[in-house]
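Me: Could you walk me through this model? I'd like to go through it piece by piece.

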Amino acid sequence: MGLRAVTLDDLTIEDERAVAQIDLYGRLKHALRRSGHRFLVPTIGGELSWDRALFLNLTYWDAYASSAGEGEVTEGADVLCDNHITADEVGHVAWHHVVGRELARQAVGPAGPPSAEALFFSESIASAFDLYLLGRLLHRTPESDFSRTQVPLIAERAHNAGLSKRAFARLLEEVGREPERAFEDMRALLLDVANALLACRGPVDAQRALDRFAGHRFEPLLHHFEISNWILFARAYGARSAGPDAVVRRLDALLRQAPTALGWLAEHWIDADAP
């Protein structure tokens, strides 16, 4: 069984009724559609299990979205079990496209593989947006598929990290009350943790690095985001550099200083190519 490339318009988007009420989602979807991004689905008549699709996505994950000509199978594209995709996945993939596009525009020198910091920067934004979506939907549409599936998954990771049920409930309440703040706090934490872990030589160093973030309110949620895959991918495919990525450092500082990071991203990046 092979894989074939399809566009967003070829897919059925699930749970969109709940997520579409969030303005940023519609703008991200529009940006992704304009990009010509390709997804990979089984060839007609074939089936792909959820476990196989997850394996392919985690193993050959790419923090930059891929585009190609019609029908072309692309490396690093998102693999789906069939011609269905969830609305939160649309938002996640769209962020990869938007961030990858803007980092490429601001890159200095010849094009090449993105730095590890650039990969982490892109993935931290896309992953933190998942928490933002959850915050927006918790009170407005708690029966959405995204809310019903994500809350138990996040709760389990938080419990395994030592967070009590009562403390987790308070944390969710905070996310629902200030989802924009939750996005930026989660984004910055993910980026800082990934950069710190990349420099570690082994588990002892990594444990010390993780301990430095123990006081952060979202630290119990870290393992929900599968950061180990980020580190392994960056080590295998990220560009080797003698120093930090100056472009990423500057953009990260802009987001940390902005009144709302999502507002800055929406104004300067999401609608950058809107007709």
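Me: Before that, what should I know about the model and its numbering?

Reply: This is a predicted model, in which local features need pLDDT of at least 70 and side-chain atom pairs count only at pLDDT 80 or more, while totals for chains, interfaces and linings use all residues. Residues are numbered from 1 along each chain as its sequence is written, and side-chain values use heavy atoms, with hydrogens and water left out.

Me: OK, how many helices and strands does the protein chain have?

Reply: The protein chain has twelve helices and five strands, where helices (H or I, at least four residues) and strands (E, at least two) are DSSP runs numbered from the N terminus.

Me: And what share is buried?

Reply: Of the 275 residues in the protein chain, 49% are buried; buried means under 20% relative accessible area, exposed over 50%, and partly exposed in between, with a 1.4 Å probe and protein chains only. For contacts between residues at least 6 apart in sequence, 83% join residues at least 24 apart, a contact being heavy atoms within 4.5 Å.

Me: Switching to voids, how many cavities of 30 Å³ or more turn up?

Reply: The search of the whole structure finds one, and the largest cavity holds about 40 Å³ of space. A cavity here is a set of points on a 1 Å grid over the protein atoms alone where a 1.4 Å probe fits but cannot get out, and lining residues have an atom within 4 Å of a point. Grid points are joined across faces, edges and corners, and the volume is the space filled by probe spheres set on the points.

Me: What lines the largest cavity?

Reply: Its lining consists of D130, L131, L134, F146, Q150, I154, H224 and F225, with α5 (116-140) and α6 (145-160) being the elements that give two or more residues. By class, the lining divides into five nonpolar, two polar and one charged, counting Ala, Val, Leu, Ile, Met, Phe, Trp, Tyr, Cys and Pro as nonpolar, Asp, Glu, Lys and Arg as charged, and the others, Gly among them, as polar.

Me: Now α11, which of its residues are buried?

Reply: They are V247, V248, L251, D252 and L255. These cover an arc of only 125° around the axis, so they sit on the same side of α11, the arc being that of the directions from the helix axis to the C-beta atoms. The face turned away from that buried side carries the exposed residues A246 and Q257.

Me: What covers the buried side?

Reply: The cover of the buried residues of α11 includes α4 (87-106), α5, α8 (179-198) and α12 (261-270).

Me: Picking up α4, is E102 buried or exposed?

Reply: E102, which lies in helix α4, is buried because its relative accessible area is 6%. Leaving aside residues up to four places away in sequence, E102 touches W269 and A272.

Note on methods: 1 Å grid on protein atoms, 1.4 Å probe; cavity = no way out; pocket = protein on both sides within 12 Å on 5 of 7 lines; lining within 4 Å.
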